[in-house]
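Please open the structure beside this note and follow along.

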Amino acid sequence: MQITDSDTTLSDTLTNGGKPGLRLVIGNKNYSSWSMRPWVAMTAFGIPFEESRILLDRPDTATRIAEVCAAGRVPVLQAGAITVWDSLAICEYLAEQFPDLHLWPQDVAARAMARSICAEMHSGFTGLRSAMSMNIRMSFPGKGRTPEAQADIGRICEIWEECLARFGHHQFLFGAFSIADAYYAPVVMRFRSYQVSLAPALQAYADRVAAHPAVAQWMREALAEPERSAKYDAGPA
């Protein structure tokens with residue numbers, strides 16, 4: 001569940017239930033792929049949180065983020081006196097705090113692979129990220145196809161094919177929606193904006209991700225954002 005910054009009911013409810021209220025600090029929904037990952041995970045699993053948005057590419061962006069986290073990046077999760085930054089650390093923290101929700105796959109082999117592909121996304125695919133930045137609002141057909149981005153696209157397709165074949169059963173990467181799908185949701189956004197051609201089974205998976213209620217909500221809210229950034233909207237050269 002998502003609430004506004006001014007709503008204090010959530011914090012009271014969670015505190016009374018033994019858990020501190022959760023506040024997720026994110027960037028623009030249209031541009032911030034790292035923010036999208038924990039937001040989609042929390043929304044998909046019905047974890048209540050307060051959302052706070054810091055606009056990117058503004059004169060006060062760095063100052064505002066530094067007030068929340070010394071690392072200087074979003075997303076940041078605040079849970080009472082605890083601050084967790086970095087999207088993967090946030091997802092792991094949530095999985096620990098809400099074990100009954102099964103944010104990771106329950107099967108040991110599936111869970112090991114899910115963690116591995118999220119870590120690979122977390123530390124790799126720099127070619128894709130630099131050449132094809134996330135911009136849900138815009139369309140850049142055929143652009144950003146550097147050799148590095150093409151190699152990353154190929155590797156992502158391999159990951160999706162293997163996960164769907166071994167664990168997905170023609171649904172999400174590991175059957176039920178998990179952190180892994182939330183982690184690759186920004187890739188689906190990129191593939192849509194840059195009109196990357198996919199094999200039918202992979203396109204069907206990408207369509208299922210885009211249609212998931214949490215992802216669809218993020219997309220709607222991204223499209224509704226009034227803020228624009230010439231830096232991000234210009235697209236790849």
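1. The structure is predicted. Keep that in mind when you read every value below.

2. The largest nonpolar core has 72 residues. Leu94, Trp160, Leu173, Phe174 and Tyr184 have the most contacts inside this core. Helix α8, residues 179-193, supplies the largest share, 10 residues. Another core lies apart from the largest one and has nine residues, including Ile54, Ile65, Val68 and Cys69. As background, nonpolar side chains in soluble globular proteins tend to be buried together.

3. Zoom in on Tyr184. Which residues does Tyr184 touch, beyond those up to four places away in sequence? The list is Ile117, Met121, Phe125, Ile156, Ile159, Trp160 and Leu173.

4. Check the length of helix α7. This helix covers residues 147-168, which is 22 residues. At 1.5 Å a residue, it should span 32 Å. Just after α7, His169 has a positive phi of about 55 degrees.

5. Now ask which way α7 faces. Its buried residues include Ile153, Ile156, Ile159, Trp160, Leu164 and Phe167. Also buried are Asp152 and Gly168. Viewed down the helix axis, the buried residues of α7 fall within an arc of 165 degrees, so they line one face. Exposed residues Pro147, Ala151 and Ala165 sit on the face turned away from the buried side. What covers the buried residues? The cover includes α5 (108-123), α6 (126-131), α8 and α9 (200-211).

6. Turn to the charged residues. How many salt bridges does the structure hold? There are eight salt bridges. In general, side chains of opposite charge can pair when their charged atoms come close.

7. Take Lys29 and Glu221. They form a salt bridge, with the closest N and O atoms 2.1 Å apart. Lys29 is in the loop between β2 (22-26) and α2 (33-44), while Glu221 is in helix α10, residues 213-224. The pair links distant parts of the chain, 192 residues apart. Is Lys29 buried or exposed? Lys29 counts as buried, because its relative accessibility is 3% and the cut-off for buried is under 20%. Glu221 is partly exposed, at 25% relative accessibility.

8. Glu51 lies in strand β3, residues 49-53. Its relative accessible area is 11%, so Glu51 is buried. Its side chain makes a polar contact of 3.1 Å with the side chain of Lys29. Another polar contact, of 2.9 Å, joins the side chains of Glu51 and Trp39.

9. Compare two pairs that involve α7. Glu120 and Arg155 meet in a salt bridge, 2.8 Å from N to O. Glu120 is in helix α5 and Arg155 in helix α7, so this pair ties together parts that are 35 residues apart in sequence. Glu120 is partly exposed at 27%, and Arg155 is partly exposed at 30%. Glu162 and Arg166 meet in a salt bridge of 3.4 Å, N to O. Both lie within α7, four residues apart, about one turn of the helix. Glu162 is partly exposed at 36%, and Arg166 is partly exposed at 46%.

10. Finish with the shared partners.

Notes: Residues numbered from 1 in each chain as written. Predicted model: local features only at pLDDT ≥ 70, side-chain atom pairs only at ≥ 80, totals over all residues. Heavy atoms only, no water. Core = buried A, V, L, I, M, F, W, Y, C linked by side-chain atoms within 4.5 Å. Buried < 20%, exposed > 50% of the residue type's maximum accessible area, 1.4 Å probe, protein only. Contact = heavy atoms within 4.5 Å. Expected span 1.5 Å × (residues − 1). Arc of directions from axis to C-beta. Polar contact = N/O pair within 3.5 Å; in protein donor to acceptor, adjacent residues only side chain to side chain. Salt bridge = Lys/Arg side-chain N within 4 Å of Asp/Glu carboxyl O.
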